[in-house]
Amino acid sequence: MDIQATIAEAIIAELQRQAEIGEPGPTVDASEPGYLTVNGRIDLDALIMVIEGALAGGP
């Protein structure tokens, strides 16, 4: 898997996690390949940590 796919998967997974934990989480639609529709508040610090982990090769 290339780094772009790894980062994309990490971003989508984190945004979906944030959507599942409740208000004021975002709504996330990843149904169209290559596109993501997000509406709502995003915990930017958590998203940054996930991206850093993906770049470092973490889980």
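A search of the whole structure finds one salt bridge, the term denoting a side-chain nitrogen of Lys or Arg within 4 Å of a carboxyl oxygen of Asp or Glu. The structure is a predicted model, in which local features need pLDDT of at least 70 and side-chain atom pairs count only at pLDDT 80 or more, while totals for chains, interfaces and linings use all residues. Residues are numbered from 1 along each chain as its sequence is written, and side-chain values use heavy atoms, with hydrogens and water left out.

The salt bridge pairs Arg-17 with Glu-14, the closest N and O atoms being 2.8 Å apart. Because Arg-17 and Glu-14 are three residues apart in helix α1, about one helical turn separates them. Helices (H or I, at least four residues) and strands (E, at least two) are DSSP runs, numbered from the N terminus. Helix α1 covers residues 3-20 and includes Glu-14. Arg-17 is partly exposed, with a relative accessible area of 36%, whereas Glu-14 counts as buried at 6% relative accessibility. Here buried means under 20% relative accessible area, exposed over 50%, and partly exposed in between (1.4 Å probe, protein chains only).

The side chains of Glu-14 and Arg-17 are also joined by a polar contact of 2.8 Å. A further polar contact, of 2.9 Å, links the side chain of Glu-14 to the side chain of Gln-18. A polar contact is a pair of N or O atoms within 3.5 Å; within protein, one must be able to donate a hydrogen and the other to accept it, and residues adjacent in sequence count only if both atoms are side-chain atoms. When residues up to four places away in sequence are not counted, Glu-14 touches Ala-46, Leu-47 and Val-50, a contact being heavy atoms within 4.5 Å. The C-alpha atoms of Glu-14 and Ile-51 are separated by 9.2 Å, and the two residues are 37 residues apart along the chain.

Gln-18 likewise belongs to helix α1. At 4% relative accessibility, Gln-18 counts as buried. A polar atom of the Gln-18 side chain lies 2.7 Å from the backbone nitrogen of Asp-43. With residues up to four places away in sequence left out, Gln-18 touches Gly-25, Pro-26, Arg-41, Ile-42, Asp-43, Ala-46 and Leu-47.

On the surface, a nonpolar patch is formed by Leu-36, Val-38 and Ile-42, which together have about 190 Å² of accessible area. Patches are made of residues with over 30% relative accessible area and no salt bridge; like charges are joined within 9 Å, and nonpolar side chains (Val, Leu, Ile, Met, Phe, Trp, Tyr) within 5 Å. Accessible areas come from the Shrake-Rupley method with a 1.4 Å probe, and for residues only the protein chains shown count as cover. Leu-36 lies in the loop between β1 (27-29) and β2 (37-39) and counts as partly exposed at 33% relative accessibility. Val-38 is located in strand β2 and is partly exposed, at 31% relative accessibility. Not counting residues up to four places away in sequence, Val-38 touches Leu-15, Pro-26 and Thr-27. Val-38 and Ala-10 are 28 residues apart along the chain, and their C-alpha atoms are separated by 15 Å.

At the level of the protein chain, there are two helices and two strands, and the elements run α-β-β-α from the N terminus on. Taken along the principal axes, the C-alpha atoms fill a box of roughly 30 × 25 × 15 Å. Of the 59 residues, 15% count as buried. The protein chain exposes about 4,400 Å², of which carbon and sulfur atoms supply 56%. Among contacts with a separation of 6 or more, residues 24 or more positions apart account for 44%.
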